[in-house]
Amino acid sequence: METTLAIIKPDAYKDGNSGKIIDRIISEGFVIKEMKQIHMTKKIAEGFYEVHIDRPFYDELTDFMSSGNCVVLSLERDNAVSKWREVIGATNPEEASDGTIRALYGKNTGNNAVHGSDSPDNGIIESDYFFSEGN
Ligand code: CMP
């Protein structure tokens, strides 16, 4: 079993798509090990996306992620990281394959509905960030 972290971002939450995305998570065979609704502070968003600190979009990204409620989920299944990335589609919703979550619910590269970890190590690190470190 592998772990990945999923986040239903403020755009998808505000649009009322959380339930449909959670249904999809379950129907794709993931086990939800942890789940919570949070409104991140700017500082928590900055800590989560620290790897992107030097990118030009870091401030916009962390403003957006702290702009409203999110649902954060720690998911398990075999090949959880690659499977979740397949289900959510490309970062830019315009490039995401038909039927993927970002193609269905994302608006643009910033407001792209969901997050997914990019490696098994990061799946654990990111899940711990929200579920073991009190964030
Ligand atoms: P996510 O999977 O959460 O990981 C990093 C996020 O940075 C990514 O989704 C995008 O939402 C965001 N991102 C990447 N590139 C850009 C960009 N050029 N402009 C704004 N946000 C971006």
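Colleague: With which residue does Arg77 form a salt bridge?

Modeller: In this predicted model, Arg77 counts as buried at 15% relative accessibility. Asp78 counts as partly exposed, at 44%. The closest N and O atoms of the pair are 3.3 Å apart, and a salt bridge requires a side-chain nitrogen of Lys or Arg within 4 Å of a carboxyl oxygen of Asp or Glu. The partner of Arg77 is therefore Asp78.

Colleague: How many salt bridges does the count come to by this rule?

Modeller: Side chains of opposite charge can pair when their charged atoms come close. With the cut-off of 4 Å between nitrogen and carboxyl oxygen, the salt bridges come to a count of 7.

Colleague: How many residues apart in sequence are the parts that Lys42 and Asp59 tie together?

Modeller: The side chains of Lys42 and Asp59 meet in a salt bridge, at 2.8 Å from N to O. Lys42 lies in helix α3 (residues 42–48), whereas Asp59 lies in helix α4 (residues 58–65). The pair therefore ties together parts whose separation in sequence is 17 residues.

Colleague: Which helix holds Asp63, the residue that pairs with Lys42?

Modeller: Asp63 forms a salt bridge with Lys42, and their closest N and O atoms are 2.8 Å apart. Lys42 belongs to helix α3, and the pair ties together parts that are 21 residues apart in sequence. The helix that holds Asp63 is α4.

Colleague: Is Lys42 buried, partly exposed or exposed?

Modeller: Buried means under 20% relative accessible area and exposed means over 50%, with partly exposed in between. Asp63, at 41%, is partly exposed, and Asp59 counts as partly exposed at 45%. Lys42 has a relative accessible area of 25%, and is therefore partly exposed.

Colleague: Over what arc around the axis do the buried residues of α5 lie?

Modeller: In helix α5 (residues 80–88), the buried residues are Ala80, Val81, Lys83, Trp84, Val87 and Ile88. They lie on the same side of α5, because the arc they cover around the axis is only 170 degrees.

Colleague: Against which elements do these buried residues of α5 pack?

Modeller: Among the partners of the buried residues of α5 are the helices α2 (18–27) and α6 (101–105).

Colleague: Which residues are linked with Lys83 in a network of salt bridges?

Modeller: Lys83 is one of the buried residues of helix α5. A network of salt bridges links Lys83 with Arg24, Glu28 and Glu86.

Key
Residues numbered from 1 in each chain as written. Predicted model: local features only at pLDDT ≥ 70, side-chain atom pairs only at ≥ 80, totals over all residues. Heavy atoms only, no water. Buried < 20%, exposed > 50% of the residue type's maximum accessible area, 1.4 Å probe, protein only. Helix = DSSP H or I, 4+ residues; strand = E, 2+ residues; numbered from the N terminus. Arc of directions from axis to C-beta. Contact = heavy atoms within 4.5 Å.
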